[in-house]
Amino acid sequence: MLSDPIVALATPPGRSALAVIRLSGRGAFTVAARALHPFHPDPPRTVRRVHVVHPATGVPLDDALAACFPGPRSYTGEDLVELSTHGGLLVPATAVAALVAAGARPARPGEFTRRAVVNGKLDLLQAEATADLIDAGAPAQARRALQHLDRGLSTRLDELRTELLELEALIAYEIDFPDEDEGPVAPERPPRRAARCSTSTAGSRRGSTSSARSCSSSRP
């Protein structure tokens with residue numbers, strides 16, 4: 001199911017001061033309430049101190065901070081909980097295990113972003129930009145990825161689609177209704193519109209190619 005509760009460590013495992021765990025899906029707040037005490041989803045987007053306990057044994061695992069993001073105003077578009085625990089290898093792993101025991105399942109790689117796409121929070125270009133931003137090894141790569149994440153390329157493609165539809169309508173009108181309304185379409189209009197579409201396509205292609213080149217150059 002695409003809406004069942006999933007949980008995963010959002011930060012790299014290893015020695016660190018903090019770790020961030022994400023829990024998302026239908027019933028995420030119910031799952032969280034079984035392993036986080038006290039748990040209050042309201043008011044939303046408010047950070048609260050909680051105790052992480054194993055839901056079956058009640059054994060305390062950590063003191064942490066939790067914030068709730070009710071859907072659709074969350075990264076995934078679903079009810080989402082972000083839990084900040086102490087870092088290291090043991091504490092985050094036991095916290096994830098407690099949330100799994102409470103009813104969540106381990107998320108597959110990229111599943112949070114996949115749900116964001118499915119629920120209309122991101123488009124495919126923004127999802128790719130998220131990965132590019134994470135993998136960026138140079139300031140230029142990060143700037144390009146951030147631009148795409150802010151719908152820079154998506155907006156250009158939307159504008160190109162609109163121009164292509166207008167060109168298609170212009171040609172269809174000339175074919176189907178050459179002698180109606182204001183008369184035939186001026187001969188120069190379709191070529192002019194086609195040239196504008198071609199220019200927009202070239203610009204979009206350069207932006208996409210630059211992004212792909214910068215992404216590939218940052219990977220071994």
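This is a predicted model: local features need pLDDT of at least 70, side-chain atom pairs count only at pLDDT 80 or more; totals for chains, interfaces and linings use all residues.
Which residues does leucine 80 touch, not counting residues up to four places away in sequence? Residues are numbered from 1 along each chain as its sequence is written, and side-chain values use heavy atoms, with hydrogens and water left out.

**View 1. Seven strands form an open sheet with mixed pairing.** The strand order is β3-β4-β5-β6-β2-β1-β7, and the edge strands β3 (36–37) and β7 each pair on one side only. Helices (H or I, at least four residues) and strands (E, at least two) are DSSP runs, numbered from the N terminus, and two strands are taken to pair if DSSP finds at least two bridges between them. Helix α2 packs on this sheet, touching β1, β2, β4, β5, β6 and β7, and its direction makes about 150° with that of β6. Axes are lines fitted to C-alpha atoms, for helices over the stretch in contact, and angles run from 0 to 180 degrees between N-to-C directions.

**View 2. Strand β1 (residues 6–9) runs antiparallel to β2, to which four bridges join it.** The two strands form a hairpin with four residues between them; valine 7 stands opposite leucine 23 in β2, and alanine 8 stands opposite arginine 22 in β2. With strand β7 (residues 105–106), β1 pairs in the parallel sense over two bridges, and isoleucine 6 has arginine 105 as its bridge partner in β7. Helix α3 (residues 111–118) lies across β1, β2 and β7, running at about 130° to β1.

**View 3. Eight bridges pair β2 with β6 in the antiparallel sense.** Glycine 14 stands opposite glycine 88 in β6, while arginine 22 has glutamate 82 as its bridge partner in β6.

**View 4. Leucine 80, in strand β6, is buried, with a relative accessible area of 1%.** Buried means under 20% relative accessible area, exposed over 50%, and partly exposed in between (1.4 Å probe, protein chains only). Leucine 80 touches Leu23, Ser24, Phe29, Ala67, Cys68, Phe69, Ser74 and Tyr75, not counting residues up to four places away in sequence, where contact means heavy atoms within 4.5 Å. Proline 41 is 39 residues apart from leucine 80 in sequence and 9.9 Å apart in space, C-alpha to C-alpha.

**View 5. The largest nonpolar core has 23 residues, of which Leu23, Leu36, Val81, Leu83 and Leu99 touch the most other members.** Such a core is a set of buried Ala, Val, Leu, Ile, Met, Phe, Trp, Tyr and Cys residues joined through side-chain atoms within 4.5 Å. Among the elements that give two or more residues to this core are β2 (14–24), β6 (80–88) and α2 (90–101), and α1 gives the most, with five residues. Under the sequence exclusion of up to four places, leucine 23 touches residues including Pro5, Val7, Val31, Leu80, Leu99 and Phe112.
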